Amino acid sequence: MDIAEYMVEVGRQARQAATVVARSTTQTRNAALLAMADALDASREELTLANGRDLEKGRENGLEPAMLDRLELTPARVDAMIEGLRQVASLADPIGEITGMTYRPSGIQVGKMRVPLGVIGIIYESRPNVTVEAASLCLKSGNATILRGGSEAIHSNQAIASCIARGLKAADLPETAVQVIRTTDRAAVGELITMPQYVDVIVPRGGKGLIERISRDARVPVIKHLDGVCHVYIDSHADPEKALRVAVNAKTQRYGTCNTMETLLVDREVAEGMLPLLAGAFREKGVELRGCDATRDLVPGIEAATEADWSEEYLAPVLAIRVVDGLDEAIEHINRYGSQHTDSIITENYTRARRFITEVDSASVMVNASTRFADGFEYGLGAEIGISTDKIHARGPVGLEGLTSQKYVVFGDGHIRT
């Protein structure tokens with residue numbers, strides 16, 4: 001296969017399909033999503049066989065157990081993919097919404113209409129259910145999409161792609177509206193991220209190495225986040241019970257997610273009372289603690305935190321703890337070492353809470369809530385394509401609205417400018 005030639009053809013077909021999808025009705029796109037769900041339900045045996053081939057190859061190649069677990073399509077995960085398609089079909093359609101209509105002194109009316117981005121390229125690793133999630137959100141928001149899954153899931157993704165194509169065909173939409181790259185050659189990624197004539201935006205979903213490469217080499221705008229170095233700051237005006245409950249949940253509810261707390265900051269005024277309680281709760285959960293000198297004085301026996309720990313995304317039961325001299329130092333630490341993802345303050349002081357949410361430069365800033373809430377479903381978006389720490393276009397959880405843009409619309413009645 002000539003990779004460059006293949007990818008140009010994929011891009012050309014996606015651009016043509018995007019025009020058709022953009023002018024399709026909500027009912028048509030919903031019908032496609034529901035037909036995809038039915039196709040997946042009818043193809044469980046084929047999905048299992050294809051996934052079995054990937055799992056067998058993965059074991060031969062020595063994939064880690066955690067990777068094999070993410071790769072496996074269990075009956076419950078197939079059920080979840082089907083239910084996900086039906087849920088996306090039930091979401092409100094953002095396309096065509098006109099907001100902010102105002103009359104100008106000239107007599108014209110000016111507003112903004114929400115429109116699709118066009119062609120979205122999504123690059124992801126291991127989990128084949130992402131193929132369904134990505135396809136459904138892109139289609140619902142009126143876009144065409146080019147999907148490049150991990151090489152370890154090639155057979156699973158192609159089986160899913162077949163079901164997606166059947167759903168599109170059933171709704172009289174072009175099957176090329178969702179294309180799953182058929183080659184595992186990494187050169188395909190290089191072509192995909194350098195085709196601005198065919199691709200409008202790239203969304204990488206995977207490890208830091210993948211996202212760094214995409215961000216460095218892409219000639220197409222990228223929606224992404226690199227790290228999830230999330231903080232909880234326990235203020236001197238915090239309710240101790242709330243602080244304990246939120247901090248433990250932010251770290252231990254799940255360890256391997258980008259919205260998990262990685263650094264805990266505690267105001268010096270309450271550190272003596274709070275830190276032993278917190279340390280005991282984390283130790284019960286099996287969390288390894290690394291602390292500053294003040295933390296180690298109050299909680300003997302824990303490892304010393306290094307400079308590198310303050311900017312580390314552990315994705316594991318490891319937590320860095322630092323005692324800070326008040327709100328100013330907490331904000332300075334977060335803005336210096338954080339990744340602009342999600343940060344939370346625990347306080348009963350409204351003025352301090354307002355300062356924190358104003359001055360902390362992150363995509364999600366919280367008051368008295370666990371960082372684990374930084375999620376499209378929890379935010380009421382229905383679903384998400386990922387998290388963005390960018391400041392242009394989309395920031396935070398990216399749902400249907402984040403996969404659209406806006407254009408100005410003007411209404412007149414023969415108005416001319418004088």
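**Exercise 1. Find how much space lies in the second largest pocket, which residues are closest to its centre, and how its lining divides by residue class.**

Solution. The second largest pocket holds about 350 Å³ of space, where a pocket is an open set of points on a 1 Å grid over the protein atoms alone, with protein on both sides within 12 Å along at least five of seven lines, and where a volume is the space filled by probe spheres set on the points. Of the 18 residues that line this pocket, L381, G399, L400, E401 and G402 are the closest to its centre, a lining residue being one with an atom within 4 Å of a point. The lining divides into nine nonpolar, five polar and four charged residues. The model is a predicted one, in which local features need pLDDT of at least 70 and side-chain atom pairs count only at pLDDT 80 or more, while totals for chains, interfaces and linings use all residues. Residues are numbered from 1 along each chain as its sequence is written, and side-chain values use heavy atoms, with hydrogens and water left out.

**Exercise 2. Search the whole structure for cavities of 30 Å³ or more, and describe the lining of the largest cavity.**

Solution. The search finds one cavity of 30 Å³ or more, a cavity being a set of grid points where a 1.4 Å probe fits but cannot get out. About 50 Å³ of space lies in the largest cavity. Its lining is formed by R148, G149, G150, I154, N157, Q158, V180, I181, T183 and T184, and helix α7 (residues 154-170) supplies the largest share, three residues. By class, three lining residues are nonpolar, six are polar and one is charged.

**Exercise 3. Which residues touch the most other members of the largest nonpolar core?**

Solution. Among the 71 residues of this core, I122, L168, V199 and I202 touch the most other members, a nonpolar core being a set of buried Ala, Val, Leu, Ile, Met, Phe, Trp, Tyr and Cys residues joined through side-chain atoms within 4.5 Å. Helix α1 (residues 3-22) contributes the largest share of this core, eight residues. A second, separate core has 35 residues, including F282, V287, L289 and Y337.

**Exercise 4. Is E125 buried, partly exposed or exposed, and what is E125 in contact with?**

Solution. E125 is found in the loop between β3 (119-124) and α6 (129-140). Its relative accessibility is 37%, so E125 counts as partly exposed, a class that lies between buried (under 20% relative accessible area) and exposed (over 50%), with a 1.4 Å probe and protein chains only. Leaving aside neighbours within four places in sequence, E125 is in contact (heavy atoms within 4.5 Å) with G150, E152, R205, G206, G207 and L210. The C-alpha atoms of E125 and D69, 56 residues apart along the chain, are separated by 13 Å.

**Exercise 5. Locate L315 and H393, and state the phi of each.**

Solution. L315 is found in the loop between β10 (303-304) and β11 (318-324), and its phi is near 50 degrees, a positive value in a residue other than glycine. H393 lies in the loop between β14 (386-388) and β15 (396-398), and its phi is near 80 degrees, again positive in a residue other than glycine. L315 is partly exposed, with a relative accessible area of 39%, and H393 counts as partly exposed at 46% relative accessibility.

Definitions and conventions
Helices (H or I, at least four residues) and strands (E, at least two) are DSSP runs, numbered from the N terminus. Ala, Val, Leu, Ile, Met, Phe, Trp, Tyr, Cys and Pro count as nonpolar, Asp, Glu, Lys and Arg as charged, and the others, Gly among them, as polar.
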